[in-house]
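This report goes through one structure, from single residues to the chain as a whole. Please keep the sequence and the model in view while reading.

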Amino acid sequence: MIRTYKETDLEEMVRIWYDASVIAHPFVLATFWASYKSAMEEKYLPLAENYVFEREGKVTGFISLVGENVCALFVAPEAQEKGTGRALLEHAKILKGSLSLKVYRDNKKAIIFYEKSGFRAVGEDVDEHTGCVQILMNWRTSN
């Protein structure tokens, strides 16, 4: 079930973000992700439009949007490969009609996921926080 997040979900959302980030981004030190935990909980997530995927009463993933920009899409490592990410992304597509996002170039698994979901690479830049190259991707209803 997908629903709008509640403030009580924040702690679990940060746990999912951290655990999934460390696994998906071995090219970034885990200490970097750890240093952003409180900012995620207190600043970034509360400012976004967040939707969580809940299975058997437990939050297993979430998507964060600012306008048509996907700022975060994370699924708990133990819940991956079960359609959670795809369901959250499809929900956002229905809500917005077009989406854009950035994904680290070295996160091949995520790039393949987004390509299968209809996203197309439109450019790249360097993340000012990590120094890693990011691929800019877009999806439009007409894709």
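Does R3 count as buried or exposed? R3 counts as buried, at 15% relative accessibility; buried means under 20% relative accessible area, exposed over 50%, and partly exposed in between, with a 1.4 Å probe and protein chains only.

The model is predicted: local features need pLDDT of at least 70, side-chain atom pairs count only at pLDDT 80 or more, and totals for chains, interfaces and linings use all residues. Residues are numbered from 1 along each chain as its sequence is written, and side-chain values use heavy atoms, with hydrogens and water left out.

**Overall layout**

The protein chain has five helices and seven strands. Helices (H or I, at least four residues) and strands (E, at least two) are DSSP runs, numbered from the N terminus. Their order from the N terminus is β-α-α-α-β-β-β-α-β-α-β-β. The radius of gyration is 14 Å, close to the 15 Å that the globule rule gives for 143 residues, so the protein chain is as compact as a globular protein of that length. That radius is taken over C-alpha atoms, and the rule is 2.2 Å times the number of residues to the power 0.38. Of the 143 residues, 43% are buried.

**Salt bridges**

Side chains of opposite charge can pair when their charged atoms come close. A salt bridge here is a side-chain nitrogen of Lys or Arg within 4 Å of a carboxyl oxygen of Asp or Glu. The count by this rule is 11.

| Pair | N to O distance |
|---|---|
| R3 and E54 | 2.8 Å |
| K102 and D125 | 3.0 Å |
| E124 and R105 | 3.7 Å |

R3 sits in strand β1 (residues 2-4) and E54 in strand β2 (residues 49-55), so their bridge ties together parts that are 51 residues apart in sequence. K102 belongs to strand β5 (residues 98-104) and D125 to strand β6 (residues 120-126), so that pair ties together parts 23 residues apart. K102 is partly exposed, at 48% relative accessible area, and D125 is partly exposed at 24%.

E124 is in strand β6, while R105 is in the loop between β5 and α5 (108-116), 19 residues away. E124 is partly exposed at 48%, as R105 is at 36%.

Strand β6 runs antiparallel to strand β7 (residues 133-140), and six bridges join them. Strands pair if DSSP finds at least two bridges between them. E124 faces I135 in β7. Six residues separate the two strands of this hairpin, and G131 in the turn has a positive phi of about 80 degrees.

S64 lies in strand β3 (residues 58-66) and is buried, with a relative accessible area of 2%. The side chains of S64 and N50 make a polar contact of 2.5 Å. Such a contact is a pair of N or O atoms within 3.5 Å; within protein, one must be able to donate a hydrogen and the other to accept it, and residues adjacent in sequence count only if both atoms are side-chain atoms.

Helix α4 (residues 84-96) has 13 residues. Its buried residues are T84, G85, L88, L89, A92 and K93. After α4 comes G97, with a positive phi near 85 degrees.

Technical notes:
Expected span 1.5 Å × (residues − 1).
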